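Here is a short tour of one protein model and its metal site. Keep the viewer open as you read, and stop at each residue as it comes up.

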Amino acid sequence: MSIVLNPEAIAAGLSEYWSPRVIGEVDDAYYVKVAKIKGVLAWHSHDDEDELFYVLRGTMRIELNEGTVELGPGQMWVVPKGVRHNPVAEDECLVMLIERKSTLHTGNVVTEKTRTIAEQLADHLGAAETSTDL
Ligand code: NI
């Protein structure tokens, strides 16, 4: 059964920065994730996958080789596949992400912030605790 989720509330409840949490999936292709971010992630790219950022609370920027995309609450931007980017949040920010299931959140680099898909799925069921069952 499908349940109603509050992505902002789930993101607010995350205890670790830059550790995305899967909250849903679309067909067999995409994960919907939320994350609490602060500071700098890492320069990386996704050769074959677009990556959607939607800001739920706070502000962030996505640094690119040519310019910077600034995002505030309710704003979204899709990082095109193959484009090098570096997500940054000066202050705590809550975001929702839509990514292909194969997408690694730090792309082609591995840092201490890198989390496996399994780790991102860890509390998938726990997310229901902050939802309303229909
Ligand atoms: Ni990325």
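You will find His44 in the loop between strand E2 (30-40) and strand E3 (51-57).

Is His44 buried or exposed? His44 counts as buried because its relative accessibility is 1%, and the cut-off for buried is under 20%. The side chain of His44 also makes a polar contact of 3.1 Å with the side chain of His46, and His46 is buried as well.

## The nickel site

Which residues supply the protein donors of the nickel ion? They are His44, His46 and His85, each through NE2, together with Glu51 through OE. These donors lie 2.0 to 2.1 Å from the nickel ion. Along the sequence, the donor residues follow the spacing H-x1-H-x4-E-x33-H.

The site of the nickel ion is irregular, with angles of 88 to 171° among its four donor atoms. For four donors to count as tetrahedral, all angles would have to lie between 85 and 135 degrees.

Thr103 sits in the loop between strand E7 (85-100) and helix H2 (117-120). Thr103 counts as buried because its relative accessible area is 0%. Leaving out residues up to four places away in sequence, Thr103 touches Lys33, His46, Glu49, Glu51 and Ile117. Of these, His46 and Glu51 are also donors of the nickel ion.

Now turn to Tyr17, in the loop between helix H1 (7-12) and strand E1 (21-26). Tyr17 counts as partly exposed because its relative accessibility is 33%. Apart from neighbours within four places in sequence, Tyr17 is in contact with Lys36, Ile37, Lys38 and Glu92. With Glu92 there is a polar contact between the two side chains, at 2.7 Å. Tyr17 and His105 are 88 residues apart along the chain, and their C-alpha atoms are separated by 13 Å.

Leu5 belongs to the segment before H1. Leu5 is likewise partly exposed, with a relative accessible area of 26%. The C-alpha atoms of Leu5 and Ile23 are separated by 8.0 Å, and the two residues are 18 apart along the chain.

Strand E4 (residues 60-64) and strand E5 (residues 67-71) run antiparallel and are joined by five bridges. To see one of the bridges, look for Met60, whose partner in E5 is Leu71.

## How confident is the model?

The protein chain has a mean pLDDT of 90, and 90% of its residues reach 70 or more. Over residues 125-134, though, the pLDDT is below 50. Beyond near neighbours in sequence, this stretch has 14 contacts in the model. Where pLDDT is low, the predicted coordinates should not be read in detail.

Methods
Residues numbered from 1 in each chain as written. Predicted model: local features only at pLDDT ≥ 70, side-chain atom pairs only at ≥ 80, totals over all residues. Heavy atoms only, no water. Donors = N, O, S within 2.8 Å, 3.2 Å for Na, K, Ca; no water. Tetrahedral: all angles 85-135°; square planar, octahedral: opposite > 155°, others 65-115°. Buried < 20%, exposed > 50% of the residue type's maximum accessible area, 1.4 Å probe, protein only. Helix = DSSP H or I, 4+ residues; strand = E, 2+ residues; numbered from the N terminus. Contact = heavy atoms within 4.5 Å. Pairing = 2+ DSSP bridges. Polar contact = N/O pair within 3.5 Å; in protein donor to acceptor, adjacent residues only side chain to side chain. pLDDT = per-residue confidence, 0-100.
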